[in-house]
There are 6 protein chains.
Amino acid sequence: MPIVTIQQFPRDLEQKRELARRVTEAFVEVYGAEPQSVQVFFSEVEAENWAKGGVMGSDSAGR
Amino acid sequence: MPIVTIQQFPRDLEQKRELARRVTEAFVEVYGAEPQSVQVFFSEVEAENWAKGGVMGSDSAGR
Amino acid sequence: MPIVTIQQFPRDLEQKRELARRVTEAFVEVYGAEPQSVQVFFSEVEAENWAKGGVMGSDSAGR
Amino acid sequence: MPIVTIQQFPRDLEQKRELARRVTEAFVEVYGAEPQSVQVFFSEVEAENWAKGGVMGSDSAGR
Amino acid sequence: MPIVTIQQFPRDLEQKRELARRVTEAFVEVYGAEPQSVQVFFSEVEAENWAKGGVMGSDSAGR
Amino acid sequence: MPIVTIQQFPRDLEQKRELARRVTEAFVEVYGAEPQSVQVFFSEVEAENWAKGGVMGSDSAGR
């Protein structure tokens, strides 16, 4: 621990790499956590598998 | 919030669209939630990644 | 399956009972699921354990 | 219930089948659970979607 | 990884200790995993926060 | 989206507030996300509900 799970639309590896680096850094600086104890999981969700306000992401413009 | 996560076998978009619409409606009518506050995530699971009674879905008939 | 997990602020039992009933009914009517196959989990989150826009729920008015 | 979710790197079906069998057996023997009440979900994570110590799995050797 | 999350009714520590031991052992023997890489989380669910067949656990006899 | 779920040992509100602020900032700066689209959930886990290497957190020194 800590285990961080991020549900998001698909992103390229470059962005995930930078985000994971910064999230881990936050745990180290704010909690004093050991870097190796921090695991980050990206769970990428397609617009056909997500709805907001009862409308599928794939049906809405400007989600 | 609320955030609704649904673990299920794969379904076509038409069924997910209708389900998300009805689930969101339930939150609006029962809780008085704002429709835009309700997010629904579908997490589709293949039969090779699920077991019941210790038997993989892909090994059982009539799961 | 299906397994439904709902992350929400705490609600009284009466509201959760009605919501679970309606969500289950949606799976039965839209997917043709067996009622007994549908499980609903409520994961209640206190305002001290949730943030939106970087602000904890317990620090914001009118969340 | 119980519902068991396993986040792991991809494994072949043979290993998942054996693992699910043994995990289910543990619930039956330790808790006295009904085998049919135990569901196991495998959530397979690619190395591009996981980081440890702020480094993506796909960037590290010997993860 | 692997990360194992178990949703269950509350159990005493003795049972959770034995279950975690056996689940971890299964990963070591079936996958060849390092014991220290296996983390098990118990997420205990009260009967007021779970429904099956549209009926809350706290409303049903013999769940 | 994005939805961030953090499994951790209990922390005081001050630390969670600062962590949520920094995690949200990372999404804004790295992904260009709208701050209001970022939700962070803290799921606090007691040492009686977590095991590493098959040993419960409550049984191990220096976890």
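Two strands pair if DSSP finds at least two bridges between them. Helices (H or I, at least four residues) and strands (E, at least two) are DSSP runs, numbered from the N terminus. The model is predicted: local features need pLDDT of at least 70, side-chain atom pairs count only at pLDDT 80 or more, and totals for chains, interfaces and linings use all residues. Residues are numbered from 1 along each chain as its sequence is written, chains are lettered from A and ligands numbered from 1 in the order in which they are written, and side-chain values use heavy atoms, with hydrogens and water left out.

**View 1. Strands of chains A, B, C and E build an open sheet.**
The sheet has 8 strands and mixed pairing. Its order is β4(A)-β3(A)-β2(B)-β1(B)-β1(C)-β2(C)-β3(E)-β4(E). At the edges stand β4 (55-56) of chain A and β4 (55-56) of chain E; each has a single partner strand, so one side of each is left without a neighbour in the sheet. Within chain B, β1 (residues 3-8) and β2 (residues 39-44) run parallel, joined by 6 bridges. B:Ile6 has B:Phe42 as its bridge partner in β2(B).

**View 2. Helices α1 of chains B and C pack on this sheet.**
Contact here means heavy atoms within 4.5 Å. Axes are lines fitted to C-alpha atoms, for helices over the stretch in contact; angles run from 0 to 180 degrees between N-to-C directions. Helix α1 (residues 13-31) of chain B touches β3 (50-52) and β4 of chain A, β1 and β2 of chain B, and β1 (3-8) and β2 (39-44) of chain C. Its direction makes about 140° with that of β2(B). Helix α1 (residues 13-31) of chain C touches β1 and β2 of chain B, β1 and β2 of chain C, and β3 (50-52) and β4 of chain E. The angle of this helix to β2(C) is about 140°.

**View 3. Chains A, C, D and F contribute strands to another open sheet.**
The order of its 8 strands is β4(C)-β3(C)-β2(F)-β1(F)-β1(A)-β2(A)-β3(D)-β4(D), with mixed pairing. The edge strands, β4 (55-56) of chain C and β4 (55-56) of chain D, each pair on one side only. Strand β3 (residues 50-52) of chain C and strand β2 (residues 39-44) of chain F run antiparallel, with 3 bridges between them. C:Lys52 has F:Gln39 as its bridge partner in β2(F). Helix α1 (residues 13-31) of chain A lies across strands of chains A, D and F, at about 140° to β2(A). Helix α1 (residues 13-31) of chain F lies across strands of chains A, C and F, at about 140° to β2(F).

**View 4. Aromatic pairs occur in chain E.**
Rings of Phe, Tyr and Trp (its six-membered ring) pair if their centres lie within 6.5 Å; planes under 30 degrees apart count as stacked, over 60 as edge-to-face and the rest as tilted. The structure holds 12 aromatic pairs over all chains. E:Phe9 and E:Trp50 have ring centres 5.2 Å apart and planes at 85°, so the pair is edge-to-face. This pair links distant parts of the chain, 41 residues apart: E:Phe9 is in the loop between β1 (3-8) and α1 (13-31), E:Trp50 in strand β3. E:Phe27 and E:Tyr31 are also edge-to-face, at 5.4 Å centre to centre and 75° between the planes. Both lie in helix α1 of chain E, 4 residues apart, about one turn of the helix. Buried means under 20% relative accessible area, exposed over 50%, partly exposed in between (1.4 Å probe, protein chains only). E:Trp50 is buried at 5%, E:Phe27 at 0% and E:Tyr31 at 8%.

**View 5. E:Asn49 contacts residues of chain C.**
E:Asn49 lies in the loop between β2 (39-44) and β3 of chain E. Its relative accessibility is 14%, which counts as buried. Leaving aside neighbours within four places in sequence, E:Asn49 is in contact with C:Lys16, C:Val40, C:Phe41, C:Phe42, C:Glu44 and E:Met56.

**View 6. The charged end of C:Arg11 sits over the ring of B:Tyr31.**
A charge sits over a ring if NZ of Lys or CZ of Arg is within 6 Å of the ring centre and within 35 degrees of the ring normal. For C:Arg11, the distance to the ring centre of B:Tyr31 is 4.2 Å.

**View 7. Rotations relate chains D and F to chain A.**
Copies are superposed by least squares on the C-alpha atoms of residues with pLDDT of at least 70 in both. Of the residues of chain D, D:Ser43 comes closest to the rotation axis, at 5.6 Å (C-alpha).
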